[in-house]
Amino acid sequence: MKSLFSYKKIIFGRSLYLILIFFSSHLRADEGTKPRNIDIGKYRERVIQMFQHAYDSYLKYAYPYDELRPLSCDGQDTWGSYSLTLVDALDTLIIMGNHTEFRRIAQMLIDKSEDFFDMDINASVFETNIRVVGGLISAHLLTHRADMVLEPGWPCSGPLLRMAEVIARKLLPAFDTPTGMPYGTVNLRHGVPKGETTVTCTAGVGTFLIEFGALSRLTGDPIFEKVAMRALRTLWDIRSQIGMVGNHVDVAEGKWTAIDSGIGGGIDSYFEYLAKGAVMFQIPELLEMFKEYEATVEKYVKRDDWYMWANMKKGGITLPVFTSLDCYWPGVQGMMGSVEKGMKTLHNYHQVWKQFGFTPEYYNIPKSEVHQGREGYPLRPELVESAMYLYQATRDPYILEIGVDILEAIEHSARTPCGYATVKDVRNHRLEDRMESFFLAETTKYLYLLFDPDNFIHNQGNHGKVIKTPSGECVIDTGGYIFNTEAHPMDIAAIHCCSAQKAAEDAELQEFHDSLNLLELLDITEVKESLIEGKKLKKKVKVTPKEKVESMEIVVEDNSKEEEVDDTKEVVSTVSSEVADDGRVKVKVTYKTTDTQEHPDKSVENNHNESLEYAPRVPEVSSKSKSENPKRENMLKLEEKTTTIERKKHSLQLAARLLEIFTGLTGVNDKNISEHPNINHLYRELKDYDLNYTSVPSMMKCQALPFHMRLSVMGEMFDDN
């Protein structure tokens with residue numbers, strides 16, 4: 001127990017800190033908005049030290065309890081008695097590069113086996129999902145980065161994944177309601193407790209798709225994604241006539257019990273998962289939902305770059321407050337492309353932080369003061385979360401200043417000898433004896449990623465890793481990680497690797513590959529063995545020169561004599577072709593025969609070369625046209641001939657390029673994707689040809705297909721600018 005003198009010193013120090021914040025903010029206003037020169041490397045190291053102090057303190061004083069009590073230097077169970085902080089912090093170790101400790105803790109959890117969750121306790125469905133299920137899935141997907149021994153079926157199997165599946169199945173009984181919306185609590189052994197309330201918050205209904213969708217695609221069991229999607233659709237169906245949702249709902253009757261609507265606590269991660277789920281699983285329906293909600297929020301809730309609370313039925317403002325949980329919204333805006341709006345809102349939230357040194361849970365906007373009874377700051381991550389996203393979008397140095405302010409404030413006022421403590425009152429920085437697990441899972445992680453722009457999490461898609469799995473080749477580590485609402489990153493390329501969607505794509509690719517004829521695809525005259533045998537090939541080709549010219553018909557004939565086929569001889573032939581300046585397609589056929597009938601003990605090879613030439617036949621012009629305008633007829637012929645020659649030359653080049661794509665990647669492992677052909681460039685090259693442009697790129701046999709498909713959702717793959 002600290003002495004009275006020690007507490008007076010702490011209170012005096014924090015009071016002095018508040019005074020310094022006040023004067024520094026006014027001095028900065030006088031100095032203008034010139035950003036500080038921030039050494040991100042130095043602050044990155046300070047974040048590591050912050051994480052390590054909190055992490056070591058948890059292991060020393062609190063493990064195996066859920067959370068650390070940093071003033072008492074002991075632990076307590078809060079959400080389920082399964083070492084919550086340890087599970088929550090696991091992927092942060094990987095992101096900060098501490099692979100040795102990750103391997104040690106991951107193995108510690110694996111040794112506990114799936115029985116770890118066989119407990120007769122009541123647990124929050126929402127918190128268990130985002131912290132435990134999400135944490136285990138993320139750790140499972142990142143194990144390869146720590147050089148752990150992987151199962152042959154990874155990423156579609158693994159001990160951490162099985163643990164996530166076990167705990168997720170224990171949550172499934174909560175969804176057994178008339179509406180499909182889940183109860184808020186389950187007993188990990190017996191299901192929904194008797195007498196459990198049917199009222200839960202909106203976020204507690206709509207925050208499952210990231211984790212459950214990932215689990216369904218990794219394990220092949222669709223039940224998880226189905227229940228998550230049903231809950232999302234139910235919320236959508238019961239929205240008000242003006243398109244708003246309340247913050248609490250009766251899951252049995254589907255009726256709203258609290259009708260205040262906004263973007264903050266009780267609703268927040270529902271909106272977040274609509275946006276992220278649309279991108280992660282390529283579900284346009286979810287994006288349409290989010291966009292409609294976003295428009296409704298802008299209409300009824302927004303006031304001068306602030307977001308308040310409104311009546312979900314009438315739209316009038318009911319609470320003119322900003323809540324700390326609102327701070328996630330600018331990050332989602334940035335992800336959805338509304339960067340300017342996000343920056344303005346982030347600036348407002350930062351001003352609240354500078355006013356108190358922290359953001360209170362509730363802030364009265366008109367009065368610019370803390371809302372009575374909601375004056376605490378439990379080390380929340382949402383402000384630095386949005387800062388991290390928007391810094392990636394803008395590289396604005398002002399955002400780094402936000403990160404510095406957050407780091408300095410927590411380090412100065414929330415640090416204790418045994419960890420970091422919740423700020424009970426932002427007005428005087430009094431502390432509370434609790435360090436929630438999200439401090440290690442989210443706050444320190446987002447701070448670190450803000451100051452580490454080159455972290456693997458920020459991969460822009462220009463490199464990845466090709467792996468071989470029982471279900472085929474896959475690409476992982478291509479970037480585009482989706483964070484769940486507890487900041488657990490999901491490698492959506494690895495998740496796609498195990499999905500039924502990928503299996504269907506592989507089947508389509510194989511069928512396409514087996515039946516692919518590049519020369520025919522690009523309208524180049526085809527040469528087959530049957531043609532060499534004397535058969536004719538007739539093909540219509542569309543020609544589109546700069547000026548409109550009617551389609552011409554090219555007829556290719558081989559007048560060589562037909563030969564009888566001798567079944568006793570094996571025939572191996574190779575075909576090469578080129579286009580001459582006069583437009584004639586020269587095809588050289590080399591074939592050798594092996595006589596196996598007369599000489600069974602040894603083969604006799606006969607080589608034979610044969611050159612064939614095929615000239616395009618231009619449609620005849622009527623005698624009337626010839627007599628009326630012979631000059632125009634000659635010009636058209638010349639133009640058609642020139643167009644045909646150039647088209648065939650270009651087609652042959654494209655054929656070679658496509659062959660490189662279709663065959664050049666076979667057997668490649670752990671190779672930089674940026675070295676492979678640029679599919680976007682190839683798409684533009686093919687735009688002048690009569691192809692199905694929307695289906696051709698999806699059929700490209702490219703190792704990075706999942707990543708490029710993901711980009712196509714965001715409109716980047718087919719951007720002509």
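Predicted model: local features only at pLDDT ≥ 70, side-chain atom pairs only at ≥ 80, totals over all residues.

Q: Which residues touch the most other members in the largest nonpolar core?

A: Those are F212, F271 and I410, in a core of 166 residues. Helix α5 (residues 125-142) gives the largest share of this core, with 10 residues.

Q: What is I410 in contact with, leaving aside its neighbours within four places in sequence?

A: Its partners there are M50, F358, Y377, L379, R415, Y420, F439 and T443.

Q: New topic: how many salt bridges does the structure hold?

A: There are 31 salt bridges.

Q: Which residue forms a salt bridge with E298, with the closest N and O atoms 3.7 Å apart?

A: That's K341. E298 sits in helix α11 (residues 284-300) and K341 in helix α13 (residues 339-356), so this pair ties together parts that are 43 residues apart in sequence. The side chain of E298 also meets K302 in a salt bridge, at 3.4 Å from N to O.

Q: And K302, buried or exposed?

A: K302 counts as buried, at 18% relative accessibility. K341 is partly exposed, with a relative accessible area of 35%.

Q: What about R427 and D425?

A: Their side chains form a salt bridge too, 3.0 Å from N to O. D425 is buried at 5% relative accessibility, while R427 is partly exposed at 38%.

Q: Which residues are linked in a network of salt bridges?

A: E67, E127, R131, R434, E436 and E486 are linked that way.

Key: Residues numbered from 1 in each chain as written. Heavy atoms only, no water. Core = buried A, V, L, I, M, F, W, Y, C linked by side-chain atoms within 4.5 Å. Buried < 20%, exposed > 50% of the residue type's maximum accessible area, 1.4 Å probe, protein only. Helix = DSSP H or I, 4+ residues; strand = E, 2+ residues; numbered from the N terminus. Contact = heavy atoms within 4.5 Å. Salt bridge = Lys/Arg side-chain N within 4 Å of Asp/Glu carboxyl O.
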